[in-house]
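Take a look at the model below.

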Amino acid sequence: MNSLRSFYYLRAGVAFAWVAAVLLSAPAPLALAAALLVVYPAWDALANVLDARRSGGLQANPGQKFNALVSVITAVAMAVAFVLRGNAGGVLVFGVWALLAGLFQLAVGIRRRKLGGQVFMMISGAQSALAGVVFIVQSFGVAPGLAQLAPYAAFGGLYFLLSALWLTFRKPRPSPSMS
């Protein structure tokens, strides 16, 4: 439980740091925007591997294994999309990834619901999936800039922080043998 709580604090901190980097660099040159968008799913891949290792390994957590793989592919696809289609290509890839990552996060939250604090992860996953659909649609019109994508990461960080706080301050349930 302590490792999950610490992990959620780490995820929140990285998300907030990414948002700060985006906002401090806005409006970012295309190369910096591309780099920041590539880093986001790359970090998600690493985070899924770290979390899976703490929860029995990648073999015991196929959803996280698949999510990590999707995030690695996304980071590579993001770089290619920026080269080929600029910001609109990057936003399209980001949207597809947000949709898939959100669905996987929702599934992991449902699977872990007995651990506590998972309602925030389930909400975050659902919101990520919805945001992904919106980003995909927007990529075919006037694609949002990097600063307009920052709230997505900020909400993700907030949900990780709320889950970490829940795990920090919740009252432990008495074990059945103590009743």
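**Starting inside the fold**

Ala-153 touches Ala-15, Trp-18, Val-19 and Tyr-40, leaving out residues up to four places away in sequence. Contact here means heavy atoms within 4.5 Å. Ala-153 is found in helix H5, residues 146–169. Ala-153 counts as buried, at 0% relative accessibility. Buried means under 20% relative accessible area, exposed over 50%, and partly exposed in between (1.4 Å probe, protein chains only).

A word on the source. This is a predicted model, in which local features need pLDDT of at least 70 and side-chain atom pairs count only at pLDDT 80 or more, while totals for chains, interfaces and linings use all residues. Residues are numbered from 1 along each chain as its sequence is written, and side-chain values use heavy atoms, with hydrogens and water left out.

**The overall picture**

What does the secondary structure come to? The chain has 5 helices and 0 strands. Read along the sequence, the pattern is α-α-α-α-α. The radius of gyration of the chain is 17 Å, close to the 16 Å that the globule rule gives for 179 residues, so the chain is as compact as a globular protein of that length. That radius is taken over C-alpha atoms, and the rule is 2.2 Å times the number of residues to the power 0.38. Helices (H or I, at least four residues) and strands (E, at least two) are DSSP runs, numbered from the N terminus.

Along its principal axes, the C-alpha trace spans about 60 × 30 × 25 Å. Of the 179 residues, 44% count as buried. Consider the contacts with a separation of 6 or more: residues 24 or more positions apart account for 76% of them. The chain exposes about 9300 Å², and carbon and sulfur atoms supply 73% of that area. Accessible areas come from the Shrake-Rupley method with a 1.4 Å probe; for residues, only the protein chains shown count as cover.

Begin with H1. This helix has 24 residues and reaches 35 Å from its first C-alpha to its last, close to the 34 Å expected at 1.5 Å a residue. The expected span is 1.5 Å times one less than the number of residues. The buried residues of H1 include Leu-4, Tyr-8, Arg-11, Ala-15, Trp-18 and Val-19. The buried residues of H1 pack against H2, H4 and H5. Beyond H1, Pro-27 lies in the loop between H1 and H2. The peptide bond from Ala-26 to Pro-27 is cis, with omega near -15°.

How far apart are the end C-alpha atoms of H3? H3 bends by about 145° at Arg-85. The bend is the angle between axes fitted to the seven residues ending at a residue and the seven starting there.

Asn-67 is found in H3. Asn-67 is buried, with a relative accessible area of 5%. Leaving aside neighbours within four places in sequence, Asn-67 is in contact with Asp-44, Asn-48, Ala-101 and Phe-104.

**Charged pairs**

The structure holds 2 salt bridges. A salt bridge is a side-chain nitrogen of Lys or Arg within 4 Å of a carboxyl oxygen of Asp or Glu.

Asp-44 forms a salt bridge with Arg-11, with the closest N and O atoms 2.7 Å apart. This pair links distant parts of the chain: Asp-44 is in H2 (residues 30–54), Arg-11 is in H1 (residues 2–25), and they are 33 residues apart. Asp-44 counts as buried at 8% relative accessibility. Arg-11 counts as buried at 12%.

Arg-112 forms a salt bridge with Asp-51, with the closest N and O atoms 3.0 Å apart. Arg-112 lies in the loop between H3 and H4 (118–139) and Asp-51 in H2, so the pair ties together parts that are 61 residues apart in sequence. Buried or exposed? Arg-112 is buried, and so is Asp-51. For Arg-112 the relative accessibility is 7%. Not counting residues up to four places away in sequence, Arg-112 touches Leu-4, Tyr-8, Asp-51, Ser-55, Gln-64 and Gln-118.
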